[in-house]
Amino acid sequence: MKRSSLALVAGAVVLWINLSSIHSHAVTNSSRSSQSSFAVTAKVDQRVELMSIIARLAGYEEYVNNHFKQYANDVDSYFEKYKQHAVIELAKKIRASNSIGYDAVMKMAVHLNSPPSLTPRVAFTDQVPDARWGKDTAEQFVKLLQQFYKEADCERFFQSHADLYRTAEQRFQVLTSKVDFDWFRRFYGELPKGSFNLYIGLLNGGGNFGPKVVHPDSTEDLYAIIGTSDVDGAGLPTYGEGNLSTIIHEYNHSFVNHLVFGHEQQLRAAGERIQSPVSERMKVLAYGSWQVTLIESLVRTGEIRYKFEHSATPQAAYEAIMRERRLGFLWIEELSALLGTYENSRGAYPTFRSFFAVIIGYYNDLAKRIEYIAKRFDELSPHVAATSPFKNEAQDVDPNTTQMTFAFDRPLDPKGGYSFSYGPGGSEHYPIDKIIGFNEAGSSFTIQVKLKPDWEYDLVLTGRGFRTKDGYPLQPYAVKFRTKK
C-alpha cells in the first residue's frame, strides 16, 4: 500500500475508533498456540432439508439440482402429489414478489424450532428472519409449512432416510477434523456468545450459506450450511478437500456481516463508489449490492489470512489472492496486507471489531482510487484479438468447419487452464465438441467444433481459467456466429 494510503487509514483511527465499544471477550496473542477451544460436528438437519424440499417443489432453480440424484429422485417421488399444496403456491408467489431464494430459504430454516412444532425460535419482525420475508409473510408461511409437514407425513420421509443422513454426517466429519476452528477466536479476538453449527444441505448442490440467529439476550447461533455437489460410484454423497475452504468461508461470514451492516452509514458512499467499476464482475458472482461486495472482500481476505497461517508455504495464500483478484476483488492484496497489520498489532487492536474503524478508513481511501485501479487492471488484462477461420459475429460460417482458434493480444499461461461458459442460447447453441488447447507460445487457443447448417451459436471465454503468467485474467469475450443453410 502506498504511504499516502496508510496516512489516510491512520487518520481514520482518530475519527472512528472507540475502544470502549468492545463488548466481547478479547483474546491475546498468547492464545495462538492453544488447542481448539470448541468442536463442531456436521449434521443433517430436518429444518434445512424441509425448506430445501419446499424450494425444490416450488421451482427455485438454485434448489432444483440433481447433484445428489438418488436423494433428489426420492424427494420428487415422495412429494409429487403435494406440489400443489398451499405452502408451495405461497413459495412460488413470494419468489416473484419478495425475491425469496438462496440464503433467505436457509434463514427461515434456522429460525424455526425442530419439527414437528416448526414454531419461530425468536419473534418474527420485518427484519427477522430476513427483510425479504417480512413479518406477515413469514408468519403466514410458517402456518402453511406446519400443515405441509403433517399432511405430507414428512417425518416418515426423514425417518426412512436416517441411515443416509448418518452416512453423509460421517463422511463430512472427516473434513471438519481438519479445520482449525479455534483460529476464528484467535483471529477475530472474540467469539459470539452462542453456538457454532455445521449443517449439510443434501439438496443444495453447490449452494453454501452462513445464516445466524440472534436471541433476545444477544447470544448468537452461527451456521455454516454446506451443499452436496459430489457423489461416489455408488451414488452416495462425498466431500472433498474443496469443502474445507467453503467451511472457512461461511464461518468468516458470521464474524464480518454484522460489522458491515452495522456501519452502513459510514460505508455507504465508499461502498457505492467501489461497487460501480466492478459491478459486472460482481453480478457474475450474484453480488448485486455494495454491502455484499464489501462483506465478501473481507470474508475472502479472512480465508487468505487463514491460509497464510495454515499452509506449509505462503504459495497457497498468494494463489488465493490472485484468484480473488481475477474474480473482481481488485483490492484484495491491499486488504490482505491491512489485515496482516491487524494480526501484528493485537496489542492496539485486541479484536477485529476494534480494528474495524481502520477498515472503514481503508474503504474510504480505496473509493478515491478504485476507478484508476479498475482501469489499470483492464489495461493489463489480455483480450481476444481475433478469431479464425472466420470472424466473430459472422453470419455465413461453413457448417463443415471443424476447428476455431482464438488469438490473444499477449501470451497466456498454458498452465493456467481455460474457461468457457454458455452464451445466451444455452447448451443447444454451444458449439464446442472437444478442447484442442494452446499453441506452444500461449498466444492462441483452439477448440474443435461440431456445427449444423442454418444454426446460431454462442459461447463466452472467461478469465476464470484464461490468464497471463502474472495472473491477469482474460477480459470476457462473447462469441456469436451463424452457419449457412
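## Overall build

The model is predicted, and the secondary structure of its protein chain comprises 15 helices and eleven strands. The radius of gyration is 25 Å, close to the 23 Å that the globule rule gives for 485 residues, so the chain is as compact as a globular protein of that length.

## Interior, surface and charge

Buried residues make up 53% of the 485 residues in the protein chain. The chain exposes about 22200 Å², and carbon and sulfur atoms supply 50% of that area. Its charged side chains comprise 55 positive and 55 negative ones, and the centres of these two sets lie 3 Å apart.

## Aromatic pairs

A pair of aromatic rings is described by the distance of the centres and the angle of the planes. The structure holds 49 aromatic pairs, including that of Y149 and F158, whose ring centres are 6.4 Å apart and whose planes stand at 35°, so the pair is tilted. Y149 is buried, with a relative accessible area of 6%, and F158 is buried too, at 2%.

For F352 and F356 the ring centres lie 6.3 Å apart and the planes stand at 65°, which is over the 60 degrees required, so this pair is edge-to-face. Both residues belong to helix α15 (residues 352-380), where F352 and F356 are four residues apart, about one turn of the helix. F352 counts as buried at 2% relative accessibility, and F356 is buried with a relative accessible area of 1%.

Methods:
Residues are numbered from 1 along each chain as its sequence is written. This is a predicted model: local features need pLDDT of at least 70, side-chain atom pairs count only at pLDDT 80 or more; totals for chains, interfaces and linings use all residues. Side-chain values use heavy atoms; hydrogens and water are left out. Helices (H or I, at least four residues) and strands (E, at least two) are DSSP runs, numbered from the N terminus. The radius of gyration is taken over C-alpha atoms; the globule rule is 2.2 Å times the number of residues to the power 0.38. Buried means under 20% relative accessible area, exposed over 50%, partly exposed in between (1.4 Å probe, protein chains only). Accessible areas come from the Shrake-Rupley method with a 1.4 Å probe; for residues, only the protein chains shown count as cover. Lys and Arg count as positive and Asp and Glu as negative; His and the chain ends are not counted. The place of a charge is taken as NZ of Lys, CZ of Arg, CG of Asp or CD of Glu. Rings of Phe, Tyr and Trp (its six-membered ring) pair if their centres lie within 6.5 Å; planes under 30 degrees apart count as stacked, over 60 as edge-to-face and the rest as tilted.
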